[in-house]
Each structure stands twice: as structure tokens, then as C-alpha cells.
Amino acid sequence: MGSALDILEAGQPPRAQFLNFPLGFEAGPFQDKAGQLDVIRQGLTGFQTFTEPGIKSLPQSWDAGWDRVNKRERGNQSDDSRSPRNTEPQYQTDEDRQLAEENI
Amino acid sequence: MHNICSNHQEQSNPMAPVQYIQKTRETYDKLGYPPYRWFHADSTPAFTSPAKPLADSRLGMISTAGTYLQGQVAYYYKDDTSIRSIPNNAPIDKIRFSHITENYLAEARQDPGTVFPLESLSTLEEEGFIGELANEYLSCMGGIYSQNRVIQELIPNLESAILKQELDLLLLVPL
């Protein structure tokens, strides 16, 4: 499954389901369990329906998601939104760091 | 692998898929960076139809969102080729993400199901839609710039872990 059609095409996967959602929602819409279940259910049907390599489009659309993401990106003045590249583990929270370091 | 490319759809056709490769190229040019080298497959992939119906199959999953379970070591952002195994019954509120394009993770960090369908897969197994799930899902960092390191390190790591799971089907969910 994937939401970047041109990148999927470049990779030539054996079979792929394209979901035309913003990146970050490849498994379904935000805070919508039923919508997420529907996306994954339909995505998995590809295992039964593909008879040759290719990429098909899933039928779901999500205008509210595009509006949400586009509004946020318009407020971002930076062209380079990547995080710095180094070899320090990048924990989501300080608590995660502490728990992981206790396990090492 | 996604880099500096926005999520904006084209105004002329709001439903047209975003051209992420082109947008990345334009952004790199604007910033004065050398062109990003996207992977382009040079051959048609092998294709095999599943031997069994989905309802009788054992399914695994790979997430490229830098997914980790709280308590595990997070990924780092410079060509991290390690992988994590995440139990299929892990609490959803303990699922975390460390991916170089953090701008795509704002919602996933509140609702991991947007990129890591742990709950959706469990529901589909309970329904009998999927026969059986792998005991553990796999994750990796999807933002590795070195194609050589992906081929020589990451893929063998994943392949070794996948083969131990004795799967019929494997779902890849990229970020």
C-alpha cells in the first residue's frame, strides 16, 4: 500500500494499492477507526484480485485530510522540513528515552 | 523514501496524485542541493499469486515509518538500517515513530493507526477476513539515503526476520 503514486511506480512493486491520501495516512484517516479498517480491508483484497504486476487505486477519498495537511504546510515557511541526520536515536518522548536506556 | 516534498495537491486538479519526485527535485534545486537520487527499479518484479485465500493465510507487515514500541531503542536519522519487531498485541498507545520526515507524523503520533494498522489488522483477524497474523510486525527507517546500504544491510535484515515468520503474505505500509 502507498500514498505516493510516482514513488510506487518507480519501485515497480509486484502489486500495490494506491491510496490518494496525504503522506502520513497510508493506513487510513485520522481518528477514524472505521475508515482505517475500510482502507486496510480493501487494500488486502489486492492479494486476491491482482493477476499480474501493477498498481491499482483504492476508491477512498479524504478531502478533510488534504485540507488539514495543506493548511499546516502553508504555515510552514521552511522548504526543508527534514530533521538533522545523525546517529543519535530520535525518541518521540523523553520517557521513551529513559525506558529504552533502562533496557539496554 | 520520502524527503523534502510537500503534500500539496495541484490546484488545477485537486484529485490528481501529488508528484512527489518532481517536487523534491524542484526543492533540492531551490536549496542548491545536488539532485536526490530516487530508486528506480530496472526490471519487472517477480509475481506469484497467493497459494491460499486470505482467510486461510498467515499475514505479516512491514512499516517503514521508523516505528518502535516504547521501551525499544528509537531509530536514528542517518542511514539507520536496523529493524524492530513489534508484537501484534502491543498496546496501540505505546507505538512510537522516529522517521526523518517528522512533518508527516504529527497525526500518527496521536493516532498510530494512520500509518501502523495494528488495530485494523487485529480486527480483520478476529472477523476471519485474515486467517492468522504474524506474532510480530517488523519496522524499519524508510528515510535511508544510501541505496547500497538498503540493499546490502536493510533488506537482508528484513529478509532474515521475515523468513522466520513463515508467512503466506506480507503487507508493506510505507510512510
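Which hand does the crossing of α2(A) and α2(B) have, left or right? The crossing is right-handed, where a crossing counts as right-handed if the near helix is turned clockwise from the far one by less than a right angle and left-handed if anticlockwise. This is a predicted model, in which local features need pLDDT of at least 70, side-chain atom pairs count only at pLDDT 80 or more, and totals for chains, interfaces and linings use all residues. Residues are numbered from 1 along each chain as its sequence is written, with chains lettered from A and ligands numbered from 1 in the order in which they are written.

**View 1. Packing of α2(A) and α2(B).** Helix α2 of chain A (residues 33-44) packs with α2(B) at an angle of about 70 degrees, the axes being 9 Å apart. Axes are lines fitted to C-alpha atoms over the stretch in contact, and angles run from 0 to 180 degrees between N-to-C directions. The two helices α2(A) and α2(B) are therefore roughly perpendicular (65 to 115 degrees).

**View 2. Residues of the helix pair.** From α2(A) come Lys33(A), Gln36(A), Leu37(A), Ile40(A) and Arg41(A), and from α2(B) Glu119(B), Ser120(B), Leu121(B), Thr123(B) and Leu124(B). Contact requires C-beta atoms, placed from the backbone, within 7 Å.

**View 3. The side of chain B that touches chain A.** Chain B gives 64 residues to the contact and chain A gives 53 residues. In chain B, the elements that supply two or more residues are α1 (20-31), β4 (95-97), α2 (118-127) and β7 (169-173); helices (H or I, at least four residues) and strands (E, at least two) are DSSP runs, numbered from the N terminus.

Technical notes
Contact = placed C-beta atoms within 7 Å. Parallel < 35°, antiparallel > 145°, perpendicular 65-115°, else oblique.
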